[in-house]
Amino acid sequence: MARAQGARAQMALAFETNYGTPPASGYTRMPFASATLGAEQPLLNSELLGYGRDPLPPIKDAVTSDGDVVVPIDAQAFGFWLKAAFGAPTTTGSEAPYTHEFQSGAWVLPSISIETGMPEVPRYAMYSGCVLDQLSWQMQRSGLLTATARLVAQGEAVGTTTSAGTPAELALKRFGHFNGSIKRNGTPLGNVVSAEITYANNLDRIETIRADGRIDGADPSIAALTGRVEVRFADQTLVTQAIDGDPCEMEFAYVLPSGESFTFTVHAVYLPRPRIEISGPQGVQASFDWQAARDATEGRMCTATLVNDIEAY
C-alpha cells in the first residue's frame, strides 16, 4: 500500500470563466513549497438535556475551504499569483521579453481552480472558486525567496483521477534574495536589514444559506498594503519623513542576469515615527511598520511589473 509523500505532490492551476466552475482544460503546473489549502467541517456538540450523562451525536457545522500556498517568486509562475491578486495585467512587447504590468484597485478579481494531487493514494482534490485574499513575502540577505498566497475557496471536490488533464509546463527561473534591491524615491535605500511586504484584498465571504454548505462568493473590499523595513540606524532620512508625515515611493525589485525581472512599486508609503532603542553595544536598528495609500498622481496604490518571455497571462 503506497503512502502519500509531499515530494510527489502536484499542483495545477487554471483561471475560471464562471465562478466556482473548474475549467475542462487550460491548466498549468505550478511550483510550490507547501500548501494548507483544504476543506474542513467541524462538529457541534449537542446541547440537549435529559438523555443522561453521555452526549448525543454531534451535528455537522458549515464547510470552510481556504488555506495558504507557499510558492517561489520566479520569473514565470509568479505571474499567475499576481493576476489572482490584482487582475489581468497590461502586457506590452511584440516579442520576448514581454512586460506585464499589474495594477491595484480592480473592483473584480478573477477566480481560479486549483487541483492538488497525491498520486500514491490516489487523491486529487479540486478547489474551485479560489480567490486570493493576501499575498506576502520577505526580503532579507540570504535564504530561499518565497511568497505566501492566502486563498478563499468555494468548495472542494475529491476524486481518484485528475481533472486537470496534462498541465502545461513552465520553465522555473527563480529569483533569489541576492537578486533583490530596495529604492526610495528612485534612490537605493541603504542599511536595510530586512523588509516585509503584505498586500491584502480583505475578501468578504458571501455566506448564504445553501444546500451544499458552500459560500456564494468572496468579494474584495478596501485593500491594504502594509509592511516593515528594518534598517541600521545611520541617518535621519526615514525618521524625518515619519515626523513630517510625507509619503515616499518605495520600489522592491529582483533582476536576474538573464534579463527577467520583478518590480513591486508602492507609490505612496507612509512611515510611523519609530522608537530608537539602544539595546547594547551592537549596532542600533530601527523598525518602520509602514502603510501604503492611493497616490493621487498615479491613481493607484501599487504597481507590480513582471518581465519574462510569456506572451500573456
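Visitor: What joins β7 to strand β12, and how do they run?
Guide: Strand β7 (residues 64-72) and strand β12 (residues 146-152) are joined by 7 bridges and run antiparallel. Two strands pair if DSSP finds at least two bridges between them, so 7 bridges qualify β7 and β12 as a pair. Across them, Val 71 stands opposite Ala 147 in β12. Strands here are DSSP E runs of at least two residues and helices H or I runs of at least four, numbered from the N terminus.

This is a predicted model, where local features need pLDDT of at least 70 and side-chain atom pairs pLDDT 80 or more, while totals for chains, interfaces and linings use all residues. Residues are numbered from 1 along each chain as its sequence is written, and side-chain values use heavy atoms, leaving out hydrogens and water.

Visitor: How many bridges join strand β4 to β7?
Guide: Strand β4 (residues 38-40) is joined to β7 by 3 bridges, running antiparallel; the bridge partner of Ala 39 in β7 is Ser 65.

Visitor: Why is the pair of Phe 15 and Phe 80 called stacked?
Guide: Rings of Phe, Tyr and Trp (its six-membered ring) pair if their centres lie within 6.5 Å; planes under 30 degrees apart are stacked, over 60 edge-to-face and the rest tilted. The centres of Phe 15 and Phe 80 are 6.3 Å apart and the planes at 20°, so this pair is stacked. Phe 15 is in strand β1 and Phe 80 in helix α1, 65 residues apart.

Visitor: Why does Phe 80 count as buried?
Guide: Buried means under 20% relative accessible area, exposed over 50%, and partly exposed in between (1.4 Å probe, protein chains only). Phe 80 has 12%, so Phe 80 is buried.

Visitor: And what makes the pair of Phe 175 and Tyr 254 tilted?
Guide: Their planes are at 35°, with the centres 6.1 Å apart, so the pair is tilted. Phe 175 is buried at 2% relative accessible area, and Tyr 254 is buried at 0%.

Visitor: What lies over the face of Phe 15?
Guide: Lys 83 does, at 4.2 Å from the ring centre. A charge sits over a ring if NZ of Lys or CZ of Arg is within 6 Å of the ring centre and within 35 degrees of the ring normal.

Visitor: How do you know where the buried residues of α2 lie on the helix?
Guide: In helix α2 (residues 237-244), Leu 238, Val 239, Gln 241 and Ala 242 are buried. Seen down the axis, the buried residues fall within an arc of 160° (of the directions from the helix axis to the C-beta atoms), so they line one face of α2.
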